[in-house]
Structures are given as C-alpha cells and as structure tokens.
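Please prepare a short report on the structure shown below.

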Amino acid sequence: MSHRKLLFSAAILALSATPTFAQKNDPAEQRTSGLSDDFHNDDMIVVTAPYVDRLDILAGTSVLTGDDLTEDLRGQIGDSLTGLAGVSSTSFAPGASRPVLRGFQGPRVRVLTDGIGSLDASNTSVDHAVTIDPLTAQRVEVLRGPAVLLFGGDAIGGAVNVIDKRIPRDIPDDAVHIDAIGGYGSAANDWSIAGSVDVPLSSKLVIHADGSFRDTADVRVSGFVLAPALRAELLAAAAEEADEGYADEAAELTDSANLRGRVPNTASRTQTAGAGVAYIDDGGNLGFSVSYYDTDYGVPARPGTGHAHGDEEEGGEGGAEEGPVTIGLKQIRADLRGGVNIGGFFEALNFRAGYSDYEHTEFEGDEIGTAFSVSGIEARGELVQAEHNGWRGVLGTQVLVRDFNAIGAEAFVPKNSLESWALFALQEVDLGNWEMEGALRFDQTSISANIINFDRSFNTVSGAFGLAYAPDDAAFKIGANISHAERAPSAEELLSNGPHIATQAFEIGNPNFTTEKSWGGELYARWDSDDVQLSATAYANLFNDYIFEAETGAEQDGLPIFQYFQRNATYYGFEASASAVIARDGAFDFIADGVADYVRAKIDNGGGPVPRIPPLRLLGGLKAHSDNIDLRAEVEWSASQNKVVAFETPTDGFTIVNATAAWRPFGKEGGVTLLASANNIFDVNARRHASFTKDYVPLSGRDIRLSAKFSF
C-alpha cells in the first residue's frame, strides 16, 4: 500500500472513530413521518442530499418511490428507471444493466448508494452488474444538471442515488417493524422476494436486518432474437459455407439466424443480505451497516462470433467455443454514516464512508476465464452552513482509493490503482424572487499500473453557476445554469489492451489521453401546483478532448477491435415531463402524464455521431387514482435511430403498451398493496439503441407481473 493510501486510510479511520457524526439535519429526513412504509416510502418525494434546504441547481431531478418503484422493479437498477425523462439503459443483459442519462453512460454516470459510489466494477465494462438490488431500495433519485459535480467531477451525465435503510434514519414507534415485497414476472419466470425488519432497542438505538432473493430463467422475447441486419448477415454466411461444402457450419449459422422465442444464456440468480445499527438523539446520530451481494448471470453471445486466447490459439485465430459465458459476482460491503449538530456558523458536520471487497469471475462453460477483483474505500464529509439572511451552503471533501486487478488469459486491463481526493463547495443565496447558486470542485486523481510502469496524475477543476426566478406566490419558476466540468480519463480508457470475453471484443485504450473538458448550459422551466406539475429542460454540452469507444472494422485474435479515441464533441437535447389532474369523480382523480426526451451527440469536424445514443422517445399515460385503487395505461414510443457511426447498426423504432393495477385493501395507510401489470401487451420486438448487445438481446416480450408489498 502506498504512502498516500496509508494517509487516506488513517484519515478515514480517524473520522470513523468519532462518535458524533450524523445526518440529523437532512431536510428530507426531517420530513419523514414515521415508518408507515419504510421499504418503499410514498411520502418521500425530495432529494436526500445532506446539504441545504433546497438543491434548486439540480434542474433535472426525478424520484422513484412507493408503488411506482414497485411496478418498475427489475433485476438491475438501469432497467428500473427507463420510465423517467432523460433515462435509458445499457440493457446488456437482464443480469447487467446501468442507467444511461442524457445519452451518457459508463464513467460519466455515477451510481451511488446513499451518496457513496457502488464500489464495484460496473463502470469498467457494460457486462458488469451493478451491485445494488432494487428490491432493497427505499427510494431512487436521478440527479442531472451541473450541480451533480458535487458527487464527482466525472459525473457529467448525472448520478443515480439509491437510498436504502440499512443504516436506520429514525426510531420506529412499533416494537418490531417489518417490510416485505414479493413478485413474479412471466417473461423470464422471474421470482423475487425481499424483506426487512427494524427493532428499537431503546429510545435512541435501533437495529436493522434485510435480505432478498431473485431467480430468473432465460428471457422470452417476441419474434426473432436477432435484429434484421445481423440475421441477414448470418444467413448470407450460412449460404457461403454451404457453397463451400461445410454443411455443419451452414446449419449452425442458419439455426442461430432463425432463433426465436428466448434469448439463450440470460438466466440469473441474485441474493443479498444486510444488517445495520444506528444511535439517534437530538444532537446527532451514528450508524454502521454490513451487506453481502451475490449474483450469477449469463452473458449472451453474439451469434457467429467466437473469441480468442491470443498465443494459446493455434495460428492466433479465434473462434474457439469453450461454452456459454457466465459471471459469478460477490461483494462484501461496510458502510458508515454519522453527523453532529454543532451550532454557530456551521450547523452540522456530516460524514459518510463505504468500504467494498468485490470480485467476479467470468466462466467459459465450466472453465474459469478471467477473474476480476476490486477493493475500495470512499468517504466524504460536509460542513453545512446555517442559513443567514437567505444565504446557505456546504463545504466538503471526498476521498476514493481503489485497487483493481484482473487475472486470466483475457485480462484486458492490467492491475492498477486509483487514488483521488476532492474539495467542493455549494453556495445558495435567496434574494426573494431571485435565487443564485454557485458550485466549485477540485479533484486530484492518480492512476498507476506498476506492472507496465504507468503512473499519471490529473488535476481537474469544475464549477457551476445558476440563476432562477419565481414570481411571488406563483407555482412557476424559470432558471438557467452554466457549468464547466473536467474529467480525468478512467483506467479502462487509458490502459485497455486485450480480448474481453464477455463483450466479445478486443479493446484498446490510449495511455496518453489528456483530461476531458466540457462547457455545459441549461434552460429550464417548472410549474408545480396542486393539480399540475410541468418541467422542461433544454441543455447542451461542448466537449474538448471527449473520450469515446468505437469499432474500427479491424480484427485481432478473431475479435472486432473496439478502440478508445479522443476528439471534440457536442451534445444537446431536451427532456420534459408533465402530470395533470384532468377530472375528479367521487373517490377517483383522473390524471394524464407523460415524458419526452431527445439527445443528439456528434463528434466535431465531420467525425459522425457518438455511438449508442438513444433516439427521440415519448411516453404518455392515463391514471385513475384513489386511496384504495390505482389503474394506469401507458404507451411508450421510441423513434428509430439511424444516426450511427461506422460499423454501428441502425435500430428500428417501436411502440409498447403497458397497463398496471394496484389495490390497497386497507387504504393508503393500511400497509398492504397488491399490484398486477402487463408490460409490452402486444408482444412487440423492441431494442434499446444504447445497448451494446441490442442486435441479439431485444427487450422482453409480453410480461405479466404480480407483486405484493407489506408494511406492519
């Protein structure tokens, strides 16, 4: 361990040994009304950022909770959020899917657990699962806009913050409080169950335990598994093999091209467990938790493509078939959250830290292919300023230490270490009808790989300024934000150089990449009244030295080469959402809602589109809502995406119809909800363009889902 790592670890241990850190002043937590349904709490529709009363600079903020979260529960967090404006998914496989925000994915989107990174390997490759089980989530916040830089200078696209309650936030009134949820989905024979229990040991001490289990089979899809272009390619190859007298090879290619009904090797099994304890009093609180995440999932293979082992293959040619690729993944994690109310100019001192020991193994049939391991510590502390004449803010620091190692013939990234520390500040000034916000962040990031004598450091400075106007006693608000963000290249972008079995690609980075820089701007308008909520945001980002990965058309070891490049680029787009009560009749409110999003991204100077950018998408629904019953029908329309880079295939548009019913037999506060939904009712063959595997892993076909949740 390096000298700097020792200093980082010592600082973390010193802070964690102080029993006076809490988040008592979290405004979201102050609004918590007991534990009526802490597993998925419907009343919490505010951002949990432990900073200031209103984080208005976050012009694009979406929250998924309660029945809405239950209806959209999937095995991976990326697939649970696609109904929100500006959100798509990598949808690599049912077992591995990260969110895509405003067209950004990978290292430009941070996935957080209660403000701390997931500390897994999901940002290193699209086939790696996120180690957060949506079944255990209490609330999911999607944060976009320039102030997301408070969570990391690399989070240019935004952040997804998943709130669980493994470290309790308050003391339940009951002697024992239990939350549980269970469900079934027909498309993948998807069975899931999760539960949690909170027990107060005294008026100030509470313990918590939870667990979850999910088991799925291969996912059922509509029609042909392969997209038309890939299917035609395989049929042409089959005809060529037949002409040359290779009947067995021709038959195999034909069978692959004509595959229908289910996507092979997409089954998964996931189990989690967690326990926590918290001490809470008027002066602050301190809590600690440990958790375990274990999943095994299949990695679907691109038909017609083998993989190579370099010198192990005779003549260096690929195509060897050892068996289906599966991933076995485990993570053990420890978390700390605390704070103290100190009074004076700074009203609170908050602290959050997490430690992770992560490993996953890529199997080729029964043989071990490549083993990945990640160990890391992330910690952050904030001094929250007391409000003074409309002025409020927060000063903070953040530390991350990560060791990454890959062992095996297809370890495409060498063993490496990352160390980073940051200082950040957010200040808000309320001037009556006007409000100003400013944010500033400095990061120092060091990446080293001793095995190849690589050692580089990057200093980045990011900032943002926002101005908003709201008339007196009006529900209307308009605002503008401008930001400058800088991002250090990731280890994968710098150091990749080798075959990757799961993505079936030969990936090449560039150790000479410089810092990625961007200027961004937003214009937004919001209306928020009792019956109508409207939000619209237009945004643009201008990048210098933008880093992206694209297929080159060349091959190495029998695999297509995907190489990282650095060019200037431009992103622009919009996202909008609306919800309005259009009628009332007896106990029911009738609500119309919808979202729309669009992003255009291109490499400057004729470089063509940025790969895997989602197309225009519209989603609209009608809902009948009462205390006991909710009925909803919705239509999602996605345009075709024909703006593609070389060697990237277009994606056809699609229209999907969904319907949901929820019944609360004992009323809104009764603690019992039964849900039934029919997704993709007309069994449409649909694909998300943001997916690396979209040509051979379509979205699921018709899926009937039943679920129940209880809180008592």
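At 9% relative accessibility, Ser-91 counts as buried, where buried means under 20% relative accessible area, exposed over 50%, and partly exposed in between (1.4 Å probe, protein chains only). The structure is a predicted model, in which local features need pLDDT of at least 70 and side-chain atom pairs count only at pLDDT 80 or more, while totals for chains, interfaces and linings use all residues. Residues are numbered from 1 along each chain as its sequence is written, and side-chain values use heavy atoms, with hydrogens and water left out.

Most residues other than glycine have a negative phi. Ser-91 has a positive phi of about 40° although it is not a glycine, and Asn-680 likewise has a positive phi, of about 55°. Asn-680 is buried, with a relative accessible area of 3%.

| Residue | Phi | Loop between |
|---|---|---|
| Ser-91 | about 40° | β2 (87-89) and β3 (99-101) |
| Asn-680 | about 55° | β33 (672-679) and β34 (703-711) |

**Strand pairing**

Two strands are said to pair if DSSP finds at least two bridges between them. Strand β15 (residues 325-341) pairs with strand β16 (residues 346-364) in the antiparallel sense over 17 bridges, and Arg-337 has Arg-352 in β16 as its bridge partner. The hairpin of β15 and β16 has four residues between the strands, and Gly-343 there takes a positive phi near 75°.

Strand β16 is also joined by 18 bridges to strand β17 (residues 367-388), the two running antiparallel. Ser-356 stands opposite Gly-376 in β17. The hairpin of β16 and β17 has two residues between the strands, and Gly-365 in the turn has a positive phi of about 70°.

**Surface patches**

Patches are made of residues with over 30% relative accessible area and no salt bridge, with like charges joined within 9 Å and nonpolar side chains (Val, Leu, Ile, Met, Phe, Trp, Tyr) within 5 Å. A salt bridge is a side-chain nitrogen of Lys or Arg within 4 Å of a carboxyl oxygen of Asp or Glu.

Asp-248, Glu-249, Glu-252 and Asp-255 gather in a surface patch of negative charge. Glu-252 lies in helix α5 (residues 247-257) and is exposed, with a relative accessible area of 54%.

A nonpolar surface patch includes Trp-519 and Leu-542 among its members, which together have about 720 Å² of accessible area over the whole patch, by the Shrake-Rupley method with a 1.4 Å probe. Trp-519 is placed in strand β25 (residues 516-528).

Definitions and conventions: Lys and Arg count as positive and Asp and Glu as negative; His and the chain ends are not counted. The place of a charge is taken as NZ of Lys, CZ of Arg, CG of Asp or CD of Glu.
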